[in-house]
Amino acid sequence: MEKLECIVKAMDDKLASHIVAIDMRGASPLFDTFVLCTASNARLMQAISQNVEDALAENGFTINAKEGLRDSKWILIDCGDIVCHIFESE
C-alpha cells in the first residue's frame, strides 16, 4: 500500500471528515503532499492520529515528528514527503 493511501484509509477508518489531499510539489521543496481532515472533538482527533501512526508503522513507513498537545485543536504528523493535519471541526 502506498503511503498516501495508507494515511487516507487510516483517517477514513476512524470517521474523519473532509479528508483532502493537496499536491504541494509545485509550491514546496520540503514535502509533496498535505493531507487534511477534521474531527468533531479532541478525543476523535487523538484516535485518528493514533490510527494514522499505527497504519504507517504496520506498512513500514516512518514518522519524523508529531506536534499538537492533548488539548490542542490541531495535530500535525510529519511523514517526510507527506504532512498530515488533523483539525477539530470547530
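**View 1. Thr33 in strand β2 of the predicted model.** Thr33 has its place in strand β2, which covers residues 33–39; helices (H or I, at least four residues) and strands (E, at least two) are DSSP runs, numbered from the N terminus. This is a predicted model, in which local features need pLDDT of at least 70 and side-chain atom pairs count only at pLDDT 80 or more, while totals for chains, interfaces and linings use all residues. Residues are numbered from 1 along each chain as its sequence is written, and side-chain values use heavy atoms, with hydrogens and water left out. Thr33 is buried because its relative accessible area is 13%, where buried means under 20% relative accessible area, exposed over 50% and partly exposed in between (1.4 Å probe, protein chains only). Leaving aside residues up to four places away in sequence, Thr33 touches Leu4, Ala21, Ile22, Met24, Asp81, Ile82 and Val83, a contact being heavy atoms within 4.5 Å.

**View 2. The largest nonpolar core.** This core has 20 residues, and those with the most contacts inside it are Ile7, Met11, Ile48, Val52 and Ile86; a nonpolar core is a set of buried Ala, Val, Leu, Ile, Met, Phe, Trp, Tyr and Cys residues joined through side-chain atoms within 4.5 Å. Two or more residues come from each of α1 (3–13), β2, α2 (42–58), β4 (74–78) and β5 (82–88), and α2 gives the largest share, six residues. Ile48 touches Met11, Lys14, Ala16, Cys37, Thr38, Ala39 and Ile86, not counting residues up to four places away in sequence.

View 3. Strand β3 (residues 65–67) and β4 run antiparallel and are joined by three bridges, two strands being paired if DSSP finds at least two bridges between them. Glu67 has Leu76 in β4 as its bridge partner. Six residues lie between β3 and β4 in their hairpin, and Gly68 in the turn has a positive phi of about 120°. The pairing of β4 with β5 is also antiparallel, over five bridges, with Asp78 standing opposite Val83 in β5. The hairpin of β4 and β5 has three residues between the strands, and here Gly80 takes a positive phi near 85°.

**View 4. The aromatic pair.** The structure holds one aromatic pair. Its members are Phe31 and Phe34, which count as stacked because the ring centres are 4.8 Å apart and the planes stand at 20°. Rings of Phe, Tyr and Trp (its six-membered ring) pair if their centres lie within 6.5 Å, and planes under 30 degrees apart count as stacked, over 60 as edge-to-face and the rest as tilted. Phe31 counts as buried, at 16% relative accessibility.
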